[in-house]
Amino acid sequence: MATHASASEDAPAPSWLRWLPGLAVLRSYQAAWLPKDLAAGLVLTTMLVPVGIAYAEASGVPGVYGLYATIIPLLAYALFGPSRILVLGPDSALAAPILAVVLSVSDGDPMRAVAAASLMAIVAGLFCIVMGLLRLGFITELLSKPIRYGYMNGIALTVLVSQLPKLFAVSIDDAGPLTELWQLGRAVFLGETNWYSFAVGAATLALILLLKRYERVPGILIAVILATLAVSLFQLDSQGVKVLGEIPQGLPKFALPWLSNADLVKIALGGCAVALIAFADTSVLSRTYAARTNTRVDPNQEMVGLGVANLAAGFFQGFPISSSASRTPVAEAAGSRTQLTGVVGALAVAGLLVAAPNLLRYLPNSALAAVVIAAAIGLFEFKDLRRIYRIQQWEFWLSMACFAGVAVFGAIPGICLAVVLAVIEFLWDGWRPHFAVLGRVPNLRGYHDLKRYPNAALIDGLVLFRWDAPLFFANAELFQQRLMEAVDASPTPVRRVVVAAEPVTSVDVTSADMLRELSRSLAQRGAALHFAEMKDPVRDKLKRFELTEVFGDDRFHPTVGSAVDSYLESAGGRHPGD
């Protein structure tokens, strides 16, 4: 594994260079790194070409635009991206949401498809840049691991199913994974399959999966070259095997994409969706390699770097891109030291387009489908889901619901469902939190939950109540209900209620008004409401919510123990067991 220089070893840099990490690396670049970066860049190129073309086809645009979406983003990220090792480009996880939008707005016109995909890249880029500048790089952490698994499993299924018709060389309507599988099965049963195409694609897929275990072997390149040679030597294109054909010679050009009579809202939503997916993948991969290379990566700058790369792709005939979990390890294994590896790879791909574009003429579509299917298989997550099922079944079924949403309704509605489920999951934990009535346990310091220690002793006239969550509008009424139930269940008339408030990290207006009403209700019963271990920011909020006239300073205690001592002193009682 390559060992990278840590950030602490870099020379001091002007503050503005933090927005251009590539230049900061260049200032401290060591000559010994150059041969390794050059070699790694050339090795990386062997994957960039077939994968770029394959993911373009999977995204609903002509294959050459996958190369355009490889060259420009790599150059942009080399300047603005904070990770020294990350490789960006077309990605299988984005193929399904891009395809869903492109098919719905392009009307079968390849140029409209390119324009729609480029617009999505611009939207995704602007979204990421704005979020990065606002320092909102944490937003992708709002999706829990089970929900991410469910969404990515759904995406993997969608991508895989979308490529099966190309593998069998049949034409079906785009109608969602389940319907597409039914149509494919019917087409195969009716004998519409081109078995030459299937043989080439299946052999390519088998070889890719077989060689995948050997990290230093360019399995995808070997499989694609062999498939291309087979088609060319045996003239399989004359037997109905569809090939890439001639691709335009030259480099991508600057263009302002636009579509007339198109659903721009759908394009904008699709762009935001792929931005979230891309950043979620990129942030995880970036943090993983930062930990392995003993460096630190700013997630907000990562969002800016990803955004600039997408923006550049959109203005140069590309489509939305992300980091790559398959190409990044190739660069690392080849000895990559800095972002220069990506620059070398981009220039090599550009050289191919300028000098020898016809090398790809006989590249079979079924082989490209096999490349995407192999990547989709790698997206599935089963092992950790089995662990989640064993330790927390409701989160497993949450993941399954998200998976079903993507599989039935598609990628774009699926991510909306994932966000909704994440919000529900978050609110549920706070809506119905754990609570406890506390008592004194012999030979055990402190005060503890009566449910766990049924023999714990209560203090006459005192209820110790703990609420293990923030207080907000969704649980305020439940808090009041549970506390009053504890008061009603007390074996002696209650004179004071102490809320052990250390777990309460926040209050809002609704819960503050509830506390005012609760204090009034308890006072009518002859009891006073006190608090122990309340955090200063929460207490400051109570003051701001004008509760100072309700709760004086004597109602707040630094610890539960001091709150009990204060009560016993005023009531003339004693600790249980004393």
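**Bridges, rings and loops**

Student: Which residue does D384 form a salt bridge with?
Tutor: R387. The closest N and O atoms of D384 and R387 are 2.6 Å apart. A salt bridge here is a side-chain nitrogen of Lys or Arg within 4 Å of a carboxyl oxygen of Asp or Glu.

Student: Before we go on, what kind of model is this?
Tutor: This is a predicted model: local features need pLDDT of at least 70, side-chain atom pairs count only at pLDDT 80 or more, and totals for chains, interfaces and linings use all residues. Residues are numbered from 1 along each chain as its sequence is written, and side-chain values use heavy atoms, with hydrogens and water left out.

Student: Back to D384 and R387. Where do they lie?
Tutor: Both are in helix 15 (residues 383–391). They are three residues apart, about one turn of the helix. Helices are DSSP runs (H or I, at least four residues), numbered from the N terminus.

Student: Is D384 buried or exposed?
Tutor: D384 is buried, at 14% relative accessible area. Buried means under 20%, exposed over 50%, and partly exposed in between, with a 1.4 Å probe and protein chains only. R387 is partly exposed, at 33%.

Student: How many salt bridges does the structure hold?
Tutor: Eight. One of them joins D468 and R466, with the closest N and O atoms 2.9 Å apart. D468 is partly exposed at 28% relative accessibility. R466 is partly exposed too, at 23%.

Student: And which residue meets R516?
Tutor: D513. Their side chains form a salt bridge at 3.0 Å, N to O. R516 and D513 are three residues apart in helix 19 (residues 509–524), so about one helical turn separates them. D513 has a relative accessible area of 39%, which means partly exposed.

Student: New topic. How many disulfides are there?
Tutor: Zero, when a disulfide is a pair of cysteine sulfur atoms within 2.5 Å.

Student: What is the nearest cysteine sulfur to C128?
Tutor: That of C272, 9.1 Å away. C128 is in no disulfide.

Student: OK, rings now. How many aromatic pairs are there?
Tutor: The count is 20 aromatic pairs. Rings of Phe, Tyr and Trp (its six-membered ring) pair if their centres lie within 6.5 Å. Planes under 30 degrees apart count as stacked, over 60 as edge-to-face, and the rest as tilted.

Student: Why is the pair F380 and F382 stacked?
Tutor: Because their planes are at 10 degrees, with the ring centres 5.5 Å apart.

Student: What about Y389 and W397?
Tutor: That pair is edge-to-face. The centres are 6.4 Å apart and the planes are at 80 degrees. Y389 is partly exposed, at 36% relative accessibility.

Student: Which residues form one aromatic cluster?
Tutor: F435, F465, W467 and F479. F435 also has K451 over its face, at 4.5 Å from the ring centre. A charge sits over a ring if NZ of Lys or CZ of Arg is within 6 Å of the ring centre and within 35 degrees of the ring normal.

Student: What does the charged end of R539 sit over?
Tutor: The ring of F556, 4.3 Å from its centre.

Student: On to the surface. Which residues form a nonpolar patch there?
Tutor: Y214, V217, I222, I225, L226, L229, L233 and F234. Together they have about 780 Å² of accessible area. Areas come from the Shrake-Rupley method with a 1.4 Å probe; for residues, only the protein chains shown count as cover. Patch residues have over 30% relative accessible area and no salt bridge; like charges are joined within 9 Å, nonpolar side chains (Val, Leu, Ile, Met, Phe, Trp, Tyr) within 5 Å.

Student: Where does L226 lie?
Tutor: In helix 9 (residues 219–233). L226 is partly exposed, at 45%.

Student: Last one. What is phi of D107 near?
Tutor: It is near 55 degrees, a positive value in a residue other than glycine. Most residues other than glycine have a negative phi. D107 is in the loop between helix 4 (92–106) and helix 5 (110–133). D107 is exposed, at 64% relative accessible area.

Definitions and conventions: Helix = DSSP H or I, 4+ residues; strand = E, 2+ residues; numbered from the N terminus.
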